[in-house]
Amino acid sequence: MNVTYKFKTEVKWRVLTCFLCILIMLQGFFPIYASAESAVKTIKVGYFAFPGYHEVFEDENGPQGRGYGFDFLQMLRRYTNLNYQYMVALYLL
């Protein structure tokens with residue numbers, strides 16, 4: 001193997017390694033900040049009247065309710081930054 005070729009290859013790898021190390025160190029000096037949108041979105045939720053599962057009624061304070069379905073959506077609201085607008089689903093048998 002040619003000695004000059006081996007020397008040039010080693011120099012290229014050392015330069016590349018030094019460049020990558022410098023890039024990694026500079027990353028600590030210039031951090032990237034991510035910002036989340038703080039806008040609250042409103043989703044329309046269709047529900048059917050079912051005792052113990054969906055019991056939603058309008059009050060002067062907004063939608064109030066009881067039951068598993070209502071409580072589950074209120075729990076999700078804490079984590080998803082969403083508001084729910086409850087719509088009565090009418091169906092025919």
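Which exposed residues does the face of α2 turned away from its buried side carry? The analysis below concerns a predicted model, in which local features need pLDDT of at least 70, side-chain atom pairs count only at pLDDT 80 or more, and totals for chains, interfaces and linings use all residues. Residues are numbered from 1 along each chain as its sequence is written, and side-chain values use heavy atoms, with hydrogens and water left out.

The protein contains 2 helices and 4 strands, which follow the order α-β-β-β-α-β from the N terminus. Helices (H or I, at least four residues) and strands (E, at least two) are DSSP runs, numbered from the N terminus. Of the 93 residues in the protein, 13% are buried; buried denotes under 20% relative accessible area, exposed over 50%, and partly exposed the range in between (1.4 Å probe, protein chains only). The accessible surface of the protein is about 8,600 Å², and 65% of this area belongs to carbon and sulfur atoms; accessible areas come from the Shrake-Rupley method with a 1.4 Å probe, and for residues only the protein chains shown count as cover. Among contacts with a separation of 6 or more, 48% join residues 24 or more positions apart, a contact being heavy atoms within 4.5 Å.

The answer to the opening question is Tyr68, Arg78 and Tyr79. On the buried side, the residues of α2 are Gly69, Phe70 and Leu73. Viewed down the axis of α2, these buried residues fall within an arc of 95 degrees and so line one face of the helix; the arc is that of the directions from the helix axis to the C-beta atoms. An α-helix has 3.6 residues a turn, so residues three or four places apart point the same way. The 13 residues of α2 should span 18 Å at 1.5 Å a residue, in agreement with the 18 Å between its end C-alpha atoms; the expected span is 1.5 Å times one less than the number of residues.

The largest nonpolar core comprises 7 residues, namely Val45, Tyr47, Phe70, Leu73, Leu82, Tyr84 and Tyr86. Two or more residues of this core come from each of β1 (41-47), α2 and β4, with β4 giving the largest share, 3 residues. Such a core is a set of buried Ala, Val, Leu, Ile, Met, Phe, Trp, Tyr and Cys residues joined through side-chain atoms within 4.5 Å. Apart from neighbours within four places in sequence, valine 45 is in contact with Leu73, Tyr84, Gln85, Tyr86 and Met87.

Glycine 67 lies between β3 (62-66) and α2 and counts as buried, at 15% relative accessibility. With residues up to four places away in sequence not counted, glycine 67 touches Gly52 and Tyr53. The C-alpha atoms of glycine 67 and tyrosine 53 are 4.3 Å apart, although the two residues are 14 residues apart in sequence. Asparagine 81 lies in the loop between α2 (68-80) and β4 (82-88) and is partly exposed, at 37% relative accessibility. Although not a glycine, asparagine 81 has a positive phi of about 60 degrees. Most residues other than glycine have a negative phi.

With a disulfide defined as a pair of cysteine sulfur atoms within 2.5 Å, the count comes to 0 disulfides. The sulfur of cysteine 21 is 6.5 Å from the closest cysteine sulfur, in cysteine 18, too far for a bond. Cysteine 18 is partly exposed, with a relative accessible area of 48%, as is cysteine 21, at 40%.
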